[in-house]
Amino acid sequence: MTLNPSADVVTRELRGKVLLVTIDHAPVNALSADVRRGLLAAIEAADADKAVEAVLIVGAGRNFIAGADIREFGKPPVPPSLPDVCNRIEACSKPVVAAIHGAALGGGLEVALAAHYRLAVNGAKLGLPEVQLGLLPGAGGTQRTPRLIGAQAALELILSGRHASAKEALALGLIDRFGSSDDILAEGLAYAHELLAAHAPVRRTRDAAALSDRAASLAAVATARAETAKKSRGLFSPLKIVDAVEAAIEQPFDEGLRLERKLFLECIDSPQRAGLIHAFFAEREVLKAPETRDAKPRALNKIGVVGGGTMGAGIAVAVLDAGLPVTMIERDDESLARGRAHIEKVYDGLIAKGRMSAEEKADVMTRWQGSTSYDALADADLVIEAVFEDLSVKKAVFAELDRVCKAGAVLATNTSYLDIDAIAASISRPADVIGLHFFSPANIMKLLEVVVPKQVSADVVATAFELAKKLRKTPVRAGVCDGFIGNRVLAVYRSAADAMMEDGASPYQIDAAVRAFGFPMGPFQVVDLAGGDIGWAARKRRAATRNPNARYVQIADRLCERGWFGQKTGRGFYLYPEGSRSGAPDPEVEAIIDAERERAGITPRTFTDEEIMRRYMAAMINEGANVLHEGIALRPLDVDVTFLYGYGFPRYRGGPMKYADTVGLATVLADIREFAKEDPLFWRASPLLVDLVERGANFASLNQSA
Ligand code: 3H9
């Protein structure tokens, strides 16, 4: 008997003495206002109805409940609030059972914790991931979890935001029963009927006793506080989580809930919450390129990689790790052996760390094949070229691929700068050519720029997105230009950093300011890590086409001329004594900088860290706007995801374009115009930025309309 037969998101049905409450709110049963209302009404109905002796809450589809509806955050609240719903569930006079399959995350787990009994089946993911969104569990999670599983385990779960499996949740005491079948409804009903038969009482988590050892609980809080202060540099919510869990130990339940609510609302108001939630949606939106909507991917069973250098080997490892076979092509046996050795080195590293066994490595390597003949690629579905960064070398490789590859094979280049339209135009099947720009180390870095040349067919683009999914990479669609999205913008803010260095800021101050902003490394540390010779080669390549009136800072060239290429040569902008990876400032570099300032006729001046970041970010945002204006990136969020996944942009700031919106585009434009007084050629405001400011619009408006 269905008690509310409307197409409701929460339905109620009496199954014997058990009121079955089903949340059916695609895609993930998020706790939107309708769901909250439905849950509240269901509990009230259960309390009022004599025929009901127990309540069973389940989720329809693939999940129990994925949490609060993230899209509601930042909007005016709609009652009933989730804490009120959870409290009402817990107060129910009849036993309430939560039967969990798929995700029970955030508010979803909090609903389950408010129930009196919990069951989960294989494949369930239980967690409180609010910290990853700049929040804390705000519907009793910080109060009920420690009461149920103890302070230490609760802190670990909430501060990491990780997911626990059903089996682990059972061991932790987060659930009461593990259901061994996949039929969540049958498992849940059986459990509810069993509880009824045993006259199991209403059992409220608020009364659970896992905090009874007060001293041990407080010690866990003290340890977590000290570690969190060290680890979560710049993040707002982690220390609030520790405060809320401390309140669970020190205060009565209702007081603790009040503090949790207060801290939760502070987190909701923080710009970090907005940045992290922007990142959450942006990383899902990037998957929706126009071509992935309109076209089906081609088959992807056999992959070829041309080139066994650092990049080619890294790509091959990424492909092998995805369970696919790889055929590697090199020009001679020696180079091929080196390519294989590069791959084996990665796996040997894992073996040394105990993360892989020798047998597993041997098994993976059976999927690797090498050849010095392009003919070995005849049956490959997709080939990635990763040879020397030179257009004529690349064209020669593509001529070979054109000759040997089967019809319909996708032919990809891993170039970081070169004109992919020109490569495509040089062969007989330009519609099959695409750019796949991996970032180094290719088996680790998550970003994959999918570079879409003019003539490529839509299903080739869709295939590239499919490959990214198989490789567990985050793809961003980019157009063809020098540097695509990421490296093009990088070149500009690097120039801004160089100019500040020549004008008086030390590279060490600039790096420190950039780190304080939230990047893991500053720009000069990045040069030292990547190798100064790479940028030097690019600068030499561009020298002929560089605007002679544009400012050109030569400091990096002076270091390269001395063979100071960074970590690999023991010195670059920093000194790396005896292979050390953390550099020390180098007085000789400072002397070279002084000499260069003198040569350029510059009287050094001081910069505050804030001035440094204003310039650094204005350069990044302005070039991001240019990239959008020219259609190289389709939406601001594509630029954001590029920087979050490829360049260490602090996630809690959401990406450069989101950050620009946070600061205010008028402020950014005013900065650019002020800086332009010194160097009008470099600081030319992007037409898109000017247009947005004139219209009173922001980048977010372009995300919605694209
Ligand atoms: C919270 O609960 C706060 C409370 O403590 C206190 C409140 C007072 N809301 O990831 P997918 C969308 S904070 C709205 O591709 P999967 C997602 O955008 C929340 N929408 O699927 C996508 O939309 P579209 C704590 C959501 O199978 C679609 O669902 N919870 C939400 O790979 C499919 O998502 C979390 O942080 C949401 N909560 O993975 C969990 N979740 O199709 C966040 C997803 O338009 N969610 N969407 O692009 C997840 O981790 C994954 O989505 C999940 C499924 C594992 C559930």
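Student: How many salt bridges are there between domain 2 and domain 3?

Tutor: A salt bridge is a side-chain nitrogen of Lys or Arg within 4 Å of a carboxyl oxygen of Asp or Glu. Between domain 2 and domain 3 the count is 1 salt bridge. Asp482 forms a salt bridge with Arg542, and their closest N and O atoms are 3.2 Å apart. This is a predicted model: local features need pLDDT of at least 70, side-chain atom pairs count only at pLDDT 80 or more, and totals for chains, interfaces and linings use all residues. Residues are numbered from 1 along each chain as its sequence is written, and side-chain values use heavy atoms, with hydrogens and water left out.

Student: Where do the domain bounds lie?

Tutor: Such bounds come from an automatic or database domain assignment. Here it gives domain 1 (2-268), domain 2 (300-482) and domain 3 (487-705).

Student: How many residues of domain 2 are in contact with domain 3?

Tutor: Contact means heavy atoms within 4.5 Å. By that rule, 16 residues of domain 2 touch 12 residues of domain 3.

Student: What area do domain 2 and domain 3 bury between them?

Tutor: Buried area is the accessible area (1.4 Å probe) that two parts lose on being put together, summed over both. For domain 2 and domain 3 the value is about 1,400 Å², with 60% of it on carbon and sulfur atoms. On the domain 2 side, Tyr417, Arg477 and Asp482 lose the most area to domain 3, together 34% of what that side buries.
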